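Welcome, and please open your viewer. Get ready to select residues by number as we walk through the model together.

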Amino acid sequence: MYIRKNLRWRVIWKYAWQGLVVFTLYSTLVCILYRLVGFRSLSIPWQPVATLGIAVSFYIGFKNNGSYDRFWEGRQLWGGIVNYSRTWAIQSLEYVTSVVDAPEIDAPAASQAELTLRHRRLVYRQIAWCNALRLNLRRQNDQWDEQVAPFLDPAESAEMRRKQNPPAHLLRQQAADLRILREERGLLNDFQHVNMMTSIEQFNNLQGGCERIKNTPFPRQYAFYSFVFVWLFAALLPLGLIGEFEKMGPDHIWLTIPFSVLVSWVFNTIEIVGHTSENPFENEMNDVPMTAICRTIEIDLREMLGETHLPSKLAPIDDILY
């Protein structure tokens with residue numbers, strides 16, 4: 001996610017230079033053919049071009065709204081992951097105590113060492129789930145050893161990595177641990193068990209929302225035709241402008257070049273903005289900063305565990321937070 005208030009010129013140039021070159025060369029060619037070679041038939045009435053421009057602006061505006069909605073929904077989903085991760089950590093620490101709340105279960109009170117181990121396991125697995133979900137959405141499972149494995153037991157990490165959907169199985173393992181805490185150790189009562197299972201249900205819903213966005217591409221009829229219509233408008237624009245500028249005088253024909261390039265660049269930039277926002281989980285400049293969010297979750301949850309040696313928050317790289 002680009003976090004600087006204003007785009008740097010090098011970023012603008014990165015996405016604009018190819019279009020500017022094409023628009024400039026094309027407009028120049030039209031002016032040369034019209035003014036120097038004498039192909040007067042190149043000029044067309046301005047009214048149809050203006051009508052097409054209005055239609056194209058509505059079309060790409062609709063596409064951009066849809067693209068932004070996908071980004072914003074993705075950001076809301078990850079905001080929910082942050083909130084429920086904190087809730088999960090609080091539940092793990094405050095519900096799982098030394099009190100055995102099940103008289104029918106013949107189990108001793110939990111020692112401090114056992115509680116510490118169980119707290120750490122539940123909280124660390126949640127951190128692992130966040131990172132596993134991020135890697136799964138970005139198709140970066142080759143980073144498992146660095147991003148997920150440190151928060152899991154080696155055997156569990158090896159088993160989860162072999163799964164088709166590791167985040168879903170991590171949640172399943174969380175539920176299995178809750179069952180053990182309730183049925184075998186008596187460290188959770190019914191109310192606490194239901195509350196924590198509700199949190200797992202929310203994690204499943206949030207994961208499903210992210211997977212829906214990831215696995216459902218932006219409708220190609222909107223994405224493709226907006227590109228086609230913008231370039232069709234850019235092709236007709238100098239043909240409609242050249243006759244209008246000629247009315248001001250023969251030498252004004254050359255003003256077709258800067259004005260047609262400017263208008264074409266504006267339309268093309270609007271189309272590119274929508275295109276780069278279609279898929280918010282691709283680790284691109286305008287995507288949801290899932291890596292930074294996962295680091296924030298890690299810091300918050302480990303601090304709740306009482307740890308002091310914490311990683312620092314991620315800093316933006318070239319004004320981009322990943």
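## Stop 1: the largest pocket

Our tour begins with open space: the largest pocket holds about 430 Å³. Select L7, V273, T276, M285 and N286, which are the closest to its centre among the 17 residues that line this pocket. Keep in mind as you look that this is a predicted model.

Now colour three helices: α1 (9-37), α2 (46-95) and α9 (256-275). Each of them supplies at least two residues of the lining of the largest pocket. How many nonpolar, polar and charged residues does the lining of the largest pocket have? There are 13 nonpolar and four polar residues, and no charged ones.

## Stop 2: the second largest pocket

Next, select L117, R120, R121, L122 and D153. These residues lie nearest the centre of the second largest pocket, which is lined by 14 residues. Its volume is about 250 Å³.

The largest share comes from α3, with seven residues. By class, the lining of the second largest pocket divides into seven nonpolar and seven charged residues, with no polar ones.

Salt bridges that share partners join R121, R125, E156 and D177 into one network.

## Stop 3: the annotated stretches

Let us turn to a database record. An unreviewed UniProt entry gives the annotation "transmembrane region" to residues 12-37, 43-62, 222-241 and 253-273. Select residues 12-37 to start: this stretch is 100% helix and 0% strand, and its end C-alpha atoms are 35 Å apart. Then select residues 43-62, where the chain is 85% helix and 0% strand, with 31 Å between the end C-alpha atoms.

## Stop 4: L237

Select L237, which is found in helix α8 (residues 220-246). Is L237 buried or exposed? L237 counts as buried because its relative accessibility is 2%, and buried means under 20%.

To see what surrounds L237, show W46, V49, S260, V263 and S264. Leaving aside neighbours within four places in sequence, these are the residues that L237 is in contact with.

## Stop 5: salt bridges

How many salt bridges does the structure hold? It holds 15, and we will visit some of them.

Start with R212 and E73. They form a salt bridge in which the closest N and O atoms are 2.5 Å apart. R212 lies in helix α7 (residues 190-215) and E73 in helix α2, so this pair ties together parts that are 139 residues apart in sequence. R212 is partly exposed, with a relative accessible area of 44%, and E73 also counts as partly exposed, at 25% relative accessibility.

Move on to D145 and R161, whose salt bridge has its closest N and O atoms 2.7 Å apart. D145 sits in helix α4 (residues 144-147) and R161 in helix α5 (residues 154-161), so the pair ties together parts that are 16 residues apart in sequence. D145 counts as partly exposed at 45% relative accessibility, and R161 is partly exposed with a relative accessible area of 38%.

Now find R295 and E298, whose side chains meet in a salt bridge of 3.9 Å, N to O. Why are R295 and E298 separated by about one helical turn? The reason is that they are three residues apart in helix α10 (residues 290-304). R295 is partly exposed, with a relative accessible area of 23%, whereas E298 counts as buried at 10% relative accessibility.

## Last stop: the cavity

Rolling a probe the size of a water molecule over the atoms shows where empty space is left. A search of the whole structure finds one cavity of 30 Å³ or more, and about 30 Å³ of space lies in the largest cavity. Select R70, I213, K214, N279, P280, F281 and E282 to see its lining. Sorted by class, these lining residues are three nonpolar, one polar and three charged.

Terms used
Residues numbered from 1 in each chain as written. Predicted model: local features only at pLDDT ≥ 70, side-chain atom pairs only at ≥ 80, totals over all residues. Heavy atoms only, no water. 1 Å grid on protein atoms, 1.4 Å probe; cavity = no way out; pocket = protein on both sides within 12 Å on 5 of 7 lines; lining within 4 Å. Points joined across faces, edges and corners; volume = space filled by probe spheres on them. Helix = DSSP H or I, 4+ residues; strand = E, 2+ residues; numbered from the N terminus. Nonpolar A, V, L, I, M, F, W, Y, C, P; charged D, E, K, R; others polar. UniProt positions renumbered as here; feature names shortened; annotations may be inferred. Buried < 20%, exposed > 50% of the residue type's maximum accessible area, 1.4 Å probe, protein only. Contact = heavy atoms within 4.5 Å. Salt bridge = Lys/Arg side-chain N within 4 Å of Asp/Glu carboxyl O.
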